[in-house]
Amino acid sequence: MKNTRIIDAKGMHYTPLNKEIRAAIKEGITEIILENVNGQRFIGNGLRGDNVTIIVNGVPGGDLGMFMSGPTCIVHANAEHAPGNTMDSGTIFIHGTAGDAVAHSMRGGEVYVRDSIGYRGGIHMKAYKDKYPALVVGGGTRAFLGEYMAGGILLVLGRGTDQCPVDERGIGTGIHGGELFIRGEVPDHLLGIGAAKKPFTEADREKIRPYIEKYCREFNVDEPELFSDEYVHIGPSSARPFAGKYCWE
Amino acid sequence: MCGIISVIDRKKNPMDGSAIKEALSLMNERGNGEGSGYAVYGAFPEFAEYYAVHVFYDNLIEPKTAVEEELEKLGIVKHDEQIPTFEQPNLKKRHIPWRYFFKPNVMALGTTASEEDILVYLMQKVNTTIPGALIYSTGKNIAVFKAAGWPEEVADFYRIQDYQGYIWLAHNRYPTNTAGWWGGAHPFNLLDWTVVHNGEITSYGTNKRYLEGFGYVCTMHTDTEVVAYLTDLLQRQHKLPAEIAFKALAPPFWDDIDRMPEKERGFNTALRMTYSPAMMNGPFAIVVANSKGIAGITDRIKLRPLVAAVAGDRLYLSSEEAAIRVMEPSPDRVWMPRAGEPVIGRTE
């Protein structure tokens with residue numbers, strides 16, 4: 001049974017807001033609805049709790065869900081920079097767009113963005129033991145997608161974009177782990193240093209299927225072509241792309 | 001890290017300063033209380049034909065006498081007044097802000113100098129030779145309010161809600177490379193140009209030397225100053241259209257130019273080579289205004305945020321969408337401009 005608490009965040013600073021969220025979880029509340037959010041940073045930072053859902057009505061400030069471990073966070077608006085920063089586990093759904101550095105240094109959990117994101121999406125995402133982070137973007141992204149990526153999966157569905165959903169430079173610059181899947185065509189000159197195209201296999205298609213299903217379920221999307229279209233698979237060309245740049249051996 | 005926000009009403013309907021104060025305050029996390037400021041176009045309709053020369057005085061004896069001697073030599077002062085300020089508990093009044101409504105005499109220097117040239121000469125003469133006086137704004141019908149403090153404090157110190165205009169710019173500073181002080185707070189103004197900036201111009205040295213070749217002198221101890229002067233040089237003196245001038249400051253990469261069709265490639269190559277010392281490097285998001293409009297631009301690899309929104313006749317530019325939503329809760333359209341591509345809003 002849901003046990004809901006509504007918090008009116010109008011004009012509230014993020015520190016008391018986060019305190020109220022923590023107190024509610026301590027009391028056993030499982031669904032927290034934040035009304036009139038506008039620009040409060042750090043919502044849900046370091047929060048623990050596997051059965052907790054936070055619903056954000058309004059534009060949350062930067063670093064939503066940073067270090068978060070377990071909760072599900074649903075945003076009914078656009079998000080600013082770096083939602084999912086260094087997240088540990090749990091899920092963020094954004095019903096809108098997001099700013100730069102989405103899923104920055106994320107090490108576990110999942111971030112789903114319904115529309116497009118800004119620059120440096122998935123920068124330095126990493127995997128750790130059984131943790132395997134995922135960033136799923138419904139629209140397009142800007143330059144330096146998956147920069148310095150070290151682990152996890154980054155999926156770009158490119159809905160509503162007519163050409164390449166990532167039509168800017170530096171895809172996977174410095175990537176040394178993890179993989180990107182981009183629906184549509186990606187011209188070679190957009191790949192960053194250290195990134196290489198790989199074959200898109202049936203096993204890959206099966207791998208991305210559950211993420212697409214989850215995206216479609218949350219955002220109420222029915223587009224079979226998301227499952228049947230070709231994706232460009234990009235991964236590291238070597239485990240140490242800059243080995244010759246900084247080291248003398 | 002700094003916070004910026006700007007708005008233009010294309011039909012020139014006046015807005016007072018209360019909303020932008022709230023919007024800037026929302027981004028307090030982007031500043032540290034060592035510099036905030038506001039600029040407004042259309043602030044002085046009764047003196048619209050006069051240059052509003054804003055000065056920070058350390059005292060009202062020697063520096064003021066010396067500045068007024070210069071003003072007298074160079075033209076006439078129609079009206080002058082101490083800029084009204086209102087004591088704030090945490091804001092120390094380190095300077096006394098004064099404004100003069102001034103008309104230069106084009107014959108004053110005995111050269112072919114224009115009115116604008118005389119204002120540039122005046123600003124540099126005062127800022128480099130008169131201790132205790134700093135001219136920080138010289139535009140017609142433009143008011144600039146800045147000090148070392150938080151956005152709300154600086155707004156309340158000047159009571160910006162008492163001023164109205166059709167363009168506002170606001171800035172919340174987090175000084176990193178140079179100290180926080182009144183003169184280093186944004187916005188920076190020169191004649192019709194006003195600039196707010198988040199980031200750093202790492203090409204400052206190159207840009208400064210280039211500007212010095214055209215007679216500009218940097219006196220504010222901060223990199224943003226060069227943006228105002230480069231804009232003045234390229235747009236007022238070299239008469240480049242805004243789109244081209246911004247392209248010169250943040251040009252495409254050479255490998256992108258190599259892939260362009262021949263005509264475009266030739267043009268961009270020429271522009272990069274001609275204005276190579278004007279190119280700005282480093283992370284930046286900037287809003288530049290003049291009396292005809294505002295333009296926002298970021299560095300080519302987008303190391304600072306910029307969000308744009310349109311609501312009716314108004315265009316908003318800001319570091320954060322939430323700040324725009326303080327002023328306009330339901331914009332018609334919100335988007336993130338591409339790196340290096342200016343978003344321009346002009347009056348009708």
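In chain A, 6 of the 7 residues of strand S9 (residues 177–183) are buried, so this strand is largely enclosed by the rest of the structure. A residue is buried if 20 or more other C-beta atoms lie within 10 Å of its own, exposed if 12 or fewer, and partly exposed in between, with C-beta atoms placed from the backbone. This is a predicted model, in which local features need pLDDT of at least 70, side-chain atom pairs count only at pLDDT 80 or more, and totals for chains, interfaces and linings use all residues. Residues are numbered from 1 along each chain as its sequence is written, while chains are lettered from A and ligands numbered from 1 in the order in which they are written.

**Strand pairing in chain A**
- Strands (E, at least two residues) and helices (H or I, at least four) are DSSP runs numbered from the N terminus, and two strands pair if DSSP finds at least two bridges between them.
- Strand S8 (residues 150–156) runs parallel to S9(A), joined to it by 5 bridges; A:Leu154 stands opposite A:Leu180 in S9(A).
- Strand S11 (residues 231–236) of chain A pairs with S9(A) in the antiparallel sense over 4 bridges, and A:Arg183 stands opposite A:Tyr231 in S11(A).

**B:Ser291**
- B:Ser291 is found in the loop between strands S13 (284–290) and S14 (293–298) of chain B.
- B:Ser291 counts as partly exposed because it has 19 C-beta neighbours inside 10 Å.
- Leaving aside neighbours within four places in sequence, B:Ser291 is in contact (C-beta atoms, placed from the backbone, within 7 Å) with B:Tyr41, B:Asn141 and B:Asp192.

Notes:
Two residues are in contact if their C-beta atoms, placed from the backbone, lie within 7 Å.
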